[in-house]
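Biologist: Please take one part of this model and go through it closely. I want the strand pairing, the packing and the charged contacts treated together.

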Amino acid sequence: FILAGCSFLEVKPDPTRYFALTSLPRAGQRARDTAGTNPLAVGIFPIKFPGYLDYQQIVTRISQNRFAIAENDRWAEPLEENFSRVLMQNLSLLLNTDRIVIYPWGKNQQPAYQVQVEVFRFETNAEQVVELWARWRIVDNTKKTSSLKESYLTQRARDKSTEGSVASMSALVSDLSKEIAAAIRALAA
């Protein structure tokens, strides 16, 4: 009985796994050497997410009106913050500028354009398809909306794991970043 009782006191490993979105890869030394050569300044704010994604656990859409919340798979940081940071890193790379800032920005960092994103859907569904549905706008420094678009992007999860789903989610943020960067380039031309 004493030995059996001790097994209850054993420390069990924590099964929790943490995940984060990742940005586009930098293309080696050349990207580092030319980073920030464009003087264009872009601000990111606000990024809005639906309340059902405001969990530390990863959310999967099971059906149109039902969700599953993973018990052991969690975001390493709040999803909204992770998304904002990755969008900033992607835009910096795509626009070749180190002047991408997330609000609040200082008076000496006033951006020429502000990117606003409202995410309607950003999750994997039961068929292992990752969806990113967002409306985004670019506002110039006179507060006039210069571009208003809606993007609905999908990609099959790379495999049936949470890691595969998160990798596909990162790819969709990259695709959205490319659309936004193209619109900014068109406005700045």
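Modeller: The model is predicted: local features need pLDDT of at least 70, side-chain atom pairs need pLDDT 80 or more, and totals for chains, interfaces and linings use all residues. Residues are numbered from 1 along each chain as its sequence is written, and side-chain values use heavy atoms, with hydrogens and water left out.

The protein has four helices and eight strands. These are DSSP runs, numbered from the N terminus: helices are H or I with at least four residues, strands are E with at least two. Strand 6 covers residues 113–125.

Start with pairing, which requires at least two DSSP bridges between two strands. Strand 2 and strand 6 run parallel, joined by five bridges. In this pair, I44 faces V115 of strand 6. Strand 2 also pairs in the parallel sense with strand 5, over three bridges. There, G43 lies opposite V101.

Now the packing. The largest nonpolar core holds 39 residues, and L21, F83, V117 and F122 have the most contacts inside it. Such a core is a set of buried Ala, Val, Leu, Ile, Met, Phe, Trp, Tyr and Cys residues joined through side-chain atoms within 4.5 Å. Strand 6 is one of the elements giving it two or more residues. Helix 4 gives the largest share, nine residues. F83 touches V117, V119 and F122, among others. A contact means heavy atoms within 4.5 Å.

Strand 6 also carries charge. A salt bridge puts a side-chain nitrogen of Lys or Arg within 4 Å of a carboxyl oxygen of Asp or Glu. E123 bridges to R61, with the closest N and O atoms 2.7 Å apart. E123 sits in strand 6 and R61 in strand 3, 62 residues away in the chain. E123 counts as buried, at 0% relative accessibility. R61 is buried too, at 7%. Buried means under 20% relative accessible area, exposed over 50%, partly exposed in between (1.4 Å probe, protein chains only).

R121 meets E131 in another salt bridge, 3.5 Å from N to O. R121 is in strand 6 and E131 in strand 7, ten residues apart. E131 is buried at 7% relative accessibility, and R121 is buried at 13%. Salt bridges with shared partners join R61, R121, E123 and E131 into one network.

Key
Lists of a residue's contacts leave out its neighbours within four places in sequence.
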